[in-house]
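Student: Please give me a close look at a single chain, with the terms defined as they come up. I would like the confidence stated before the geometry.

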Amino acid sequence: MADNILEIRDLVVEYHTDDAIVHAVNSVNLSIKKGETVGLVGETGAGKTTIARSIMRILQTPPAKLCSGEILFEEQNIMALSEHDMRKIRGNKIAMIFQDPMTALNPIETVGFQIAEAIGLHNKISRAEAVRRACDMLEMVGIPSARYDEYPHQFSGGMKQRVVIAMALACNPELLLADEPTTALDVTIQAQVLEMMQSLKERLGTSVLMITHDLGVVADCCQSVAVIYAGEIVEYGTAEHIFEAATHPYTIGLFNSLPKLDSDARRLIPIKGLMPDPTNLPTGCTFCERCPDATEKCAAESPDVVEIAPGHLVKCFLTEVNK
Amino acid sequence: MAALLEVNGLKKYFKSGSGMLHAVDDISFTLEAGKTLGVVGESGCGKTTLGRTILHLTDPTDGEIVFEGKDISNPTKNELKAMREEMQIIFQDPYSSLNPRMSVSTAIMEPLVLQGKLSKAEIRDEVKTLMDTVGIAKRFENAYPHELDGGRRQRIGIARALALKPKFIVCDEPVSALDVSIQAQIINLMLDLQEERGLAYMFVTHDLSVVKYISNDIMVMYLGQMVEKAPADELFTNTLHPYTKALLSAIPVPSIRNKKERIIMQGEITSPINPKPGCRFMARCPYAAEDCAAPQVLEEHSANHFVACCKYKTIKN
Amino acid sequence: MLKKSKRKERKSSGVWRRLAKNKVAVVSLGILIVVFLIAVFAPLLAPYSYEMADLKHGLEGSSSAHLLGTDRLGRDVLSRLLYGSRQSLQMGIFSVTGAAVVGIIIGAVAGYYGGFVDNLMMRILDLFQGIPMFLLTIVFAAVLGPSLRNAIIAIGIGMIPSYARLMRASLLTVREQEFIEAAKSINASSPRIIIRHIIPNAISPVLVSFTMGMGGAVLSGAALSFIGLGVQAPIPEWGAMISDARSFMRAQPQLALYPGICVMVTVLAFNLLGDGLRDALDPRLKN
């Protein structure tokens, strides 16, 4: 499909350690349309960051091992690219924002220099031109360009994350991978940063993969949502599908676990138990042990993905179509 | 009913390179047995220091702390020891709040051993009961913290806090390091314990949806000061202080319907070092006027609803 | 990546199990055990007494009577090497143990109390560290007079500052952790916090440096004896043996070579074991 900027097909990633194999990502399929923001939601250890790092090809191998699958970026399989060719894409066409703005910047270089460097790496332009564009980028994320010569420690957390975003967007990438970009920030600052990302995205037409554990953030900025559990995408659909018609028991459980501002219930409904050990995944459905409606079939076989409505995919035996 | 805990004009200043850091500045409140006071605010607002100061983990600069009618602002060593059996704390980070070289049972045992009232056998029984209470299976007895997930570690933290049978527990962001599905398990556990044991909580957090859920009263802090305090529902339905309004509107709601208008504040929290006498929120406040440069008085708007803003009556909802 | 290695940690907990997987460290440990056993049982293993001179058969090469030949006084080189391990190991173990104990105490006190105490202690250590360590050792050895005991003291004193600094730095990191505050909140006393909570968590880097320091101390001991400030004749010591062999370097190079190999293997074993220990104590360093 030509309108997909990114297509992940059947991606399998494992971590090989001395005494176990961690099944981090298990046949994940995911596509991002041009200009779309896709939310990738899941809990710690579900494999969200591994997927992003696979796309950027910055996984440390070993211990990580890309076992199978394809990652098509603009219809080109980037898993087959040489490191030399990948360098032209990384940072230039695909950029990534990391979770912790405190450690993502080099403390001994000025913020302006770091942005200008990112621009200079991918564009054959003069030093002065790079500096000029870096100043523009700072202004664009709401930092006066007069602060070009300041060092990261002179910025607050929210400001640093703006600088990181400016760096990521400096080469006008087609695809932005945002790995929990606001998790380390306070709510009011998070609101500022999300709003800024939103308006920049609209202006530049960037596609975004928004990785987060916060369904509130997803509701704010994503058109499509993929829910990931134990390395598998268990539900995928438009924001309407997920927020209005959640079908997979895990997705439903996540919503129930959240304390709601508009409810007076005195008890939360948690999902019982824990995520399975990724070195020893069950043969059947990975959510089986925690699922309130699990049947014998769920424990024995892994369910296929079914399309219960156009564009709404669920990996569960208990959906209407499956019955 | 007499209050379990009464705090009057509590202050905690730290010396810093460029002046005095007003971490907690003139905070007063009362808390009854079995109730929960939620304390919310952003990082650096002094909410964590407030909890630690009440427990004398750092000494207050000024102010009065009264627990069960007894002034414990300047406790002697023995008073402090007795006090710590009544008041406990659950820490934020279950990864760093447990000694990595102590097994689960040793960690839970420690407060009882230090208390020195029970025999070895009694302590062993008590540890068993505590593990049961917080829901840690017996097979984890000899496990070390790094072998456990965040939820289980936090349960150990709770067991340690419960060991001395306190009446009051400061909960310092006990669930913010946990995943939502685990977070709900821990919150339910804390609610059950409160009901069974009549515990009073001071629940410190930056997560407003959690705090609304668990608290009777909520206090909103900004740069060391209380800007608003009200019963939980009242705070959300009848928000008075402009900072509280901005804070509430900034919470991302997990729903795509009824998207509320978001108040995007300009700027970030200013420095708590040597603050000016006026309203500390002034620099970011959309309603700031000349009067705001004068010290703000805490006003009781309606029963038990306090607000420190000279303009609140003129601000429309 | 950190998350993954933590998971791994769960599978194979225990420093020993991780150390056992490191072949280099296991071999090193084996070598050190052998050296230690040789030192203990030297009288049983050595074919001759270390001081039995036989001037008629001086400076001979390997023969069936003397496997590694004889030195200029006709003493059996093998026997002297075996006995020499005693001096080398003693210098290594005692000087480093002494330095580590004193250093840990200084570092722990300075780090825990902070402020003026810390400042004073650290400035004194600064003074010490301003002088090259080996020079300091030579000065002490010269002042105290040459003997095994004094060599141990001299080497030990030179090593104190590095242990004190290491302990202090490690302790400062641990002191900031939340579980220290957690211990305070349940009425734990200061000594208990230091002994039960801080030291066990701060000790790993000191332990690693302790092992590696032994290698350094063996080397320093050999060097001191080489320049005549360590163990005195006729007691054999590897460094002194090399020193003795200097005059016959051309004719009988093996006389310097054998003790040289002994020093090298022992020092290397200590260092590699220390390396392995560091990896085993902190699994996050690997992977």
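Tutor: What follows takes chain C, from its confidence to one helix pair, and ends with a short note on another chain pair.

This is a predicted model, in which local features need pLDDT of at least 70 and side-chain atom pairs count only at pLDDT 80 or more, while totals for chains, interfaces and linings use all residues. Residues are numbered from 1 along each chain as its sequence is written, and chains are lettered from A and ligands numbered from 1 in the order in which they are written.

The model scores ipTM 0.80 and pTM 0.79. In chain C the mean pLDDT (the predictor's confidence in each residue, from 0 to 100) is 82, with 93% of the residues at 70 or more. Where pLDDT is low, the predicted coordinates should not be read in detail.

Next, the make-up of the chain. Chain C has 11 helices and 0 strands. Both kinds of element are DSSP runs numbered from the N terminus, helices being H or I with at least four residues and strands E with at least two. Read from the N terminus, the order of elements in chain C is α-α-α-α-α-α-α-α-α-α-α. Along the principal axes, the C-alpha atoms of chain C fill a box of roughly 75 × 45 × 30 Å. Of the 287 residues in chain C, 45% are buried; here a residue is buried with 20 or more other C-beta atoms within 10 Å of its own, exposed with 12 or fewer and partly exposed in between, the C-beta atoms being placed from the backbone. Counting contacts in chain C between residues at least 6 apart in sequence, 69% join residues at least 24 apart.

One helix pair can be followed residue by residue. Two packed helices are described by the angle between their axes and the distance between the axes. For α9 (residues 190-226) and α11 (residues 254-281) of chain C, the angle is about 175° and the axes are 8 Å apart. That makes α9(C) roughly antiparallel to α11(C). Axes are lines fitted to C-alpha atoms, for helices over the stretch in contact, with angles from 0 to 180 degrees between N-to-C directions; under 35 degrees counts as roughly parallel, over 145 as roughly antiparallel, 65 to 115 as roughly perpendicular and the rest as oblique. The α9(C) side of the contact includes Ser204(C), Leu207(C), Met212(C), Gly215(C) and Ala222(C), and the α11(C) side includes Val263(C), Phe270(C), Asn271(C), Gly274(C) and Arg278(C). By class, the residues of this contact are 13 nonpolar, 6 polar and 1 charged. Nonpolar covers Ala, Val, Leu, Ile, Met, Phe, Trp, Tyr, Cys and Pro; charged covers Asp, Glu, Lys and Arg; the others, Gly among them, are polar.

Finally, the other chain pair. Chain B contributes 31 residues to its contact with 36 residues of chain A. On the chain B side, the elements giving two or more residues are α6 (180-197), α7 (208-214) and α9 (242-250). The largest share of that side comes from α6(B), with 8 residues. The residues of chain B that touch chain A are 17 nonpolar, 8 polar and 6 charged.

Methods
Contact = placed C-beta atoms within 7 Å.
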